[in-house]
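Thanks for making time this morning.

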Amino acid sequence: MSTPKPEEIVQSERAQLDFSRDMSYGDYLQLDAILNAQKPLSPEHNEMLFIVQHQTSELWMKLMLHELGAAIAAVSRDELPPAFKMLARVSRIMEQLVHAWDVLATMTPPEYSAIRPYLASSSGFQSWQYRCIEFRLGNKNAAMLKPHEHHAGRLAVVQAAYEAPSLYDEALRLLARRGLPVPASHVERDWTQGYESSKEVEQAWLQVYRKPDANWDLYQLGEELTDLEDAFRLWRFRHVTTVERVIGFKRGTGGTGGVSYLRKMLDVVLFPEIWQLRTEL
């Protein structure tokens, strides 16, 4: 029996080939706009890697914010099953972002040095989507609003994330609604202020973890938060190691200390009592 030719296979499957009147794959995904958004400024071959790496990361962050916002809203409505699905997806997105650094790490120091002058003062430090993620996860810092003041629309989005309760704030409000002893200072407060760890909050979480069968959905919420911060730490750590591998300890293009700044960010804990309680159990 003869092997069918490729065109015979396509014909036998009755695949649609004419898209003069119908929406195609490229039309639906707006691929012309996406694939024409890479505009290297240098003559260097490796700049395309740098651009695609950061553009794809911004796309993943867009999805992350979509999921995080919906998860926070679901927690505020006591709708935990859909929130769990969304938070699990956020953790998986972070895994994708961790592995994306593996690709950028193939850029050597001389290759990066050749394109660095063309970046001017642009830096991932200025990513408004990343800043929204940090704010939605509770790492609030008013100084981080300033890089976005030149663009009113972006500033409004970042400001809204800055002023809103974080994911952890909503989780603690949920615990309080369920009758757990979360102090009033952690249920209603100035949401623009950074979160401060509380022994009383730790005790509330300990009640959940010591009797998981009686508090199963809250117990699962605690573990979803643990997964999320675990993935976020890995993302941050892989960022540091990649930057050190490519530029060493040079200052960042955005004016930060580069690796020194990124290492300080590794010490930020988003959901402190979730980690502290493990010592007590």
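This is a predicted model: local features need pLDDT of at least 70, side-chain atom pairs count only at pLDDT 80 or more; totals for chains, interfaces and linings use all residues.

Let me begin where V201, E202, W205, L206, Y209 and R210 of helix α10 meet E273, I274, Q276, L277, R278 and E280 of helix α13, a contact being heavy atoms within 4.5 Å. The residues of this contact divide into six nonpolar, one polar and five charged, where Ala, Val, Leu, Ile, Met, Phe, Trp, Tyr, Cys and Pro count as nonpolar, Asp, Glu, Lys and Arg as charged, and the others, Gly among them, as polar.

Residues are numbered from 1 along each chain as its sequence is written, and side-chain values use heavy atoms, with hydrogens and water left out.

At what angle do α10 and α13 pack? Helix α10, residues 199-210, and helix α13, residues 272-280, pack at about 65°, with their axes 9 Å apart; the axes are lines fitted to C-alpha atoms over the stretch in contact, and angles run from 0 to 180 degrees between N-to-C directions. The crossing is right-handed, that is, the near helix is turned clockwise from the far one by less than a right angle.

Now to another part of the chain, and to V158, which sits in helix α8, residues 152-163. V158 is buried, with a relative accessible area of 0%, buried meaning under 20% with a 1.4 Å probe and protein chains only. Leaving aside neighbours within four places in sequence, V158 touches W128, R131, C132, F135, L145 and H148. From V158 to Y130 there are 28 residues in sequence and 9.6 Å in space, C-alpha to C-alpha.

Helix α7, residues 128-136, is mostly covered, with eight of its nine residues buried, including Y130, R131, C132 and F135. After α7 comes G138, whose phi is positive, near 105°.

Finally, the chain as a whole has 13 helices and zero strands, helices being DSSP runs of H or I of at least four residues and strands runs of E of at least two, numbered from the N terminus. Of its 281 residues, 42% count as buried, and its C-alpha trace spans about 70 × 55 × 40 Å along the principal axes.

Conventions
Buried means under 20% relative accessible area, exposed over 50%, partly exposed in between (1.4 Å probe, protein chains only).
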